[in-house]
Structures are given as structure tokens and as C-alpha cells.
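Please read these notes with the structure open beside you.

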Amino acid sequence: MIRDQETLDQLVDMIRQFVEGVLIPHENEVAETDEIPQDIIEQMKALGLFGLTIPEKYEGLGLTMEEEVYVAFELGRTSPAFRSLIGTNNGIGSSGLIIDGTEAQKSFFLPRLARGEVISSFCLTEPDAGSDAASLKTSAVKEGDFYILNGTKRFITNAPHAGVFTVMARTNFDIKGAGGISAFIVDSQTPGIFLGKCDKKMGQKGAHTCDVIFENCRIPASALIGGVEGVGFKTAMKVLDKGRLHIAALSVGAATRMLDDSLNYAIERKQFGQPIAEFQLIQAMLADSKAEIYAAKCMVLDAARLRDAGKKVSTEASCAKMFATEMCGRVADRCVQIHGGAGYISEYAIERFYRDVRLFRLYEGTTQIQQMIIARNMIRAAS
């Protein structure tokens with residue numbers, strides 16, 4: 001739902017100018033140094049990018065899902081590292097609090113997240129629990145007015161920079177599966193928290209992940225999100241539905257950037273005395289990519305509008321995430337092909353994007369997990 005079209009247009013235009021004028025020119029620097037320059041981070045704070053989806057009551061912009069999608073279309077057109085830095089504050093790192101947190105928790109944490117003073121991370125995945133999130137082993141044992149956390153979380157986005165962690169942990173080992181899992185908001189400076197070394201990834205330089213280890217980490221009972229045990233997994237699933245739509249929108253933005261670059265290359269590159277854009281096999285790859293981007297964009301917007309209307313969108317979010325991320329991979333492959341040998345050289349952005357976008361098909365639930373969710377929802381509805 002778009003609340004005010006004119007205001008949204010101004011916001012999207014501002015972000016588009018920031019992407020084109022600041023972020024894209026610094027893509028190579030980020031890829032080479034594996035760091036986002038601090039002055040760019042400060043600009044992102046000033047523009048309110050860390051609080052795009054946090055409610056206005058807590059100093060954010062309070063974007064609806066549809067408005068967020070339009071912003072993600074723009075942010076997706078540059079290196080994913082920039083979006084990744086602000087993504088956890090706007091998504092999985094804050095959504096649990098927004099959805100199920102107490103007023104005291106929201107009032108304390110959300111304004112700091114919205115201002116970018118604190119970076120948040122979402123600690124769900126473990127060495128033996130990724131797609132099967134309900135089997136996680138990290139424990140939170142109640143001792144008086146405290147919980148004692150023990151366990152290891154893996155591939156945690158922004159963990160090296162995080163000020164707070166949203167941690168999924170098992171509070172009841174007598175309940176198998178999701179029912180025994182609770183969610184906690186934990187200060188990263190709490191004794192008993194240790195970080196592993198930064199992961200060396202295939203792509204997405206400048207976006208940092210690492211293990212987060214909890215060893216007898218003592219946290220106050222007030223850190224339990226919502227003050228209720230056993231609903232953490234449900235909180236996580238609510239968060240992931242929203243996150244999947246966001247990743248789908250990012251995939252549309254990234255595919256759009258790759259196709260734009262490839263179209264320009266095809267128009268400028270000449271072989272056999274004419275631009276390669278004149279060859280029908282090149283045109284076929286351009287056309288197929290354009291059509292798939294359009295289809296994914298329509299899916300994402302439709303699902304976002306349904307969510308804003310209060311509908312359950314588990315199936316639609318999974319459909320959009322599955323189709324858009326797989327589409328993005330196909331577009332990346334075609335765009336390398338259109339560039340020919342140049343597409344394999346780091347001088348051209350497509351070489352980097354080809355590696356960067358591969359992750360979209362893995363996080364927020366792999367393509368295969370989306371297929372399972374969609375099919376199970378279909379079977380449940382038909383039974």
C-alpha cells in the first residue's frame with residue numbers, strides 16, 4: 001500500500017540519485033578493500049536508510065511493504081554490500097521486535113537502530129540447523145531473573161559490526177521442534193559472546209558474516225522478546241516472509257542493472273561490422289531477460305500489496321522469492337554471455353554481479369525450501 005505517491009516518488013528519486021552518484025562509483029573500491037567507506041556509511045545514516053521500515057513512532061520512515069519494495073528495486077542496482085549493511089536494521093534484525101516486542105523493548109532499541117547508531121544481526125542459522133531451523137540446539141536456560149545462553153550461530157550477517165543480536169534459542173527441550181524455541185534481544189557486549197573470523201565468501205565483498213558463539217552468556221529475562229517463551233520460531237517465520245519479499249525485490253533491481261549494462265555493451269560492441277545488439281541470438285537473451293524481470297517485478301508487487309492488506313502471504317512470498325532469485329541467476333548468466341570474454345574480466349561489473357547474486361538463491365531460505373513451503377501450503381489448503 002502506497003500511503004502518499006508524491007512522497008514515495010521523492011524518496012525513490014533521492015535513493016536513485018544516491019545509488020547512481022555515490023554508491024555505484026564506489027563499487028570497485030568496496031570490492032577491492034572489502035570495506036564500505038565510513039563517509040558513505042555516514043551519508044546513509046543522514047538519509048535515514050537504516051530506519052526505512054522502522055515505524056515513525058521510533059524515528060524510522062515506517063515504509064509499507066509495497067513502499068519498501070520500490071526502494072529495494074533501486075538499492076538492488078548497486079553492490080549488495082551497501083544494502084546488506086542497512087538490511088538487517090530494516091529487516092530480520094528489527095522485524096522481530098516490531099512484530100512481537102514489548103513496548104519497553106521497542107522504545108529502547110528501535111530508535112537507535114533507525115538512526116544507525118547500532119547495527120543489528122539475526123542469529124538463527126547454526127552449524128547443524130539452517131534450512132531445518134526448528135532443530136536448532138542453542139539453549140537458553142532460565143536461572144532466576146536471567147537466561148544462560150550456550151551455542152553457536154553460523155553465517156550471521158553484520159555480526160562483526162553488530163551492537164545487538166536477535167537470538168533464536170531453545171528454552172524447552174521437552175518440546176521437540178519449533179514449540180520450544182524463544183527469541184531474545186541481546187547486547188553484543190554481553191560477557192560470554194565471542195565472534196569467529198570473518199567468512200571468506202565467493203562474492204559480496206564489503207558484506208561481512210561470521211560465527212557468533214555464546215558460552216554461558218548471562219542475559220536478563222527482560223531480553224525475551226515479547227516476554228513470552230515458545231513463540232520465537234513463529235516470530236522468525238513472520239520475519240522471514242517479509243525478508244523473502246525484500247530479497248525478491250533486490251533480485252529484480254540487480255537483474256535490471258545487469259541487463260542495462262549488457263544492453264549498453266551490446267549497442268557499443270561491434271563484430272562483423274555492426275553492433276552485436278543487431279544479432280538475433282543476442283536479442284533473444286536481452287528479450288528473455290526483460291520479460292523475466294517484468295514477471296518477477298509483478299509478482300513481488302502483488303505479494304507486497306497482499307501483505308499490506310493484512311493477508312497471509314507465506315505462499316506468495318515464497319513464490320516471489322523463488323522465481324525472482326532464480327530469474328536473477330539466469331539473467332546474470334545471459335549477461336556474462338552477452339559480454340563474451342569481457343564478462344569474465346573484473347573490469348566489467350557483470351563479473352562481480354555474477355558472483356554476488358548467487359547468494360540470493362540461498363539465504364532467507366533456499367530455492368528448494370521455497371518449493372517445499374509452496375507445495376505444503378498447497379496440500380494443506382486442498383485437504
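**Notes on the model**

1. The axes of H1 and H3 come within 12 Å of each other and cross at roughly 170 degrees. Axes here are lines fitted to C-alpha atoms, for helices over the stretch in contact, and angles run from 0 to 180 degrees between N-to-C directions. The crossing therefore makes H1 roughly antiparallel to H3, a label for angles over 145 degrees. Helices are DSSP runs of H or I with at least four residues, strands are runs of E with at least two, and both are numbered from the N terminus.

2. This is a predicted model, in which local features need pLDDT of at least 70 and side-chain atom pairs count only at pLDDT 80 or more, while totals for chains, interfaces and linings use all residues. Residues are numbered from 1 along each chain as its sequence is written, and side-chain values use heavy atoms, with hydrogens and water left out.

3. Which residues of H1 meet H3? Phe-18, Val-22 and Leu-23 in H1 meet Ile-40, Gln-43 and Met-44 in H3; contact means heavy atoms within 4.5 Å. Five of the residues in this contact are nonpolar, one is polar and none is charged. In this count Ala, Val, Leu, Ile, Met, Phe, Trp, Tyr, Cys and Pro are nonpolar, Asp, Glu, Lys and Arg are charged, and the others, Gly among them, are polar.

4. The largest nonpolar core has 67 residues, and Ile-36, Ile-40, Met-44, Val-69, Met-258 and Val-357 have the most contacts inside it. Such a core is a set of buried Ala, Val, Leu, Ile, Met, Phe, Trp, Tyr and Cys residues joined through side-chain atoms within 4.5 Å. Buried means under 20% relative accessible area, exposed over 50%, and partly exposed in between (1.4 Å probe, protein chains only). Among the elements that give two or more residues to this core are H1 (5–23), H3 (38–46), H4 (65–75) and H8 (232–268). H8 supplies the largest share, twelve residues. A second, separate core of 24 residues includes Ile-54, Ile-92, Leu-124 and Val-239.

5. Is H4 enclosed or open? Ten of its eleven residues are buried, so H4 is largely enclosed by the rest of the structure. The buried residues include Glu-66, Glu-67, Glu-68 and Glu-74 as well as Val-69. H1, H5, H8 and H9 are among what covers them. Beyond its neighbours within four places in sequence, Val-69 is in contact with Ala-249, Val-300, Leu-301 and Ala-304.

6. H5 is also largely enclosed, because eleven of its eleven residues are buried. Arg-83, Asn-89 and Asn-90 are among these buried residues.

7. Glu-59 lies in the loop between H3 and H4 and is partly exposed, with a relative accessible area of 47%. Leaving aside neighbours within four places in sequence, Glu-59 is in contact with Pro-111, Ala-114 and Arg-115. Its side chain makes a polar contact with the side chain of Arg-115 at 2.8 Å. A polar contact is a pair of N or O atoms within 3.5 Å; within protein, one must be able to donate a hydrogen and the other to accept it, and residues adjacent in sequence count only if both atoms are side-chain atoms.

8. Asn-158 is not a glycine, yet has a positive phi of about 65 degrees. Asn-158 sits in the loop between strands S3 (146–157) and S4 (164–170) and is buried, at 2% relative accessible area.

Technical notes. Parallel < 35°, antiparallel > 145°, perpendicular 65-115°, else oblique.
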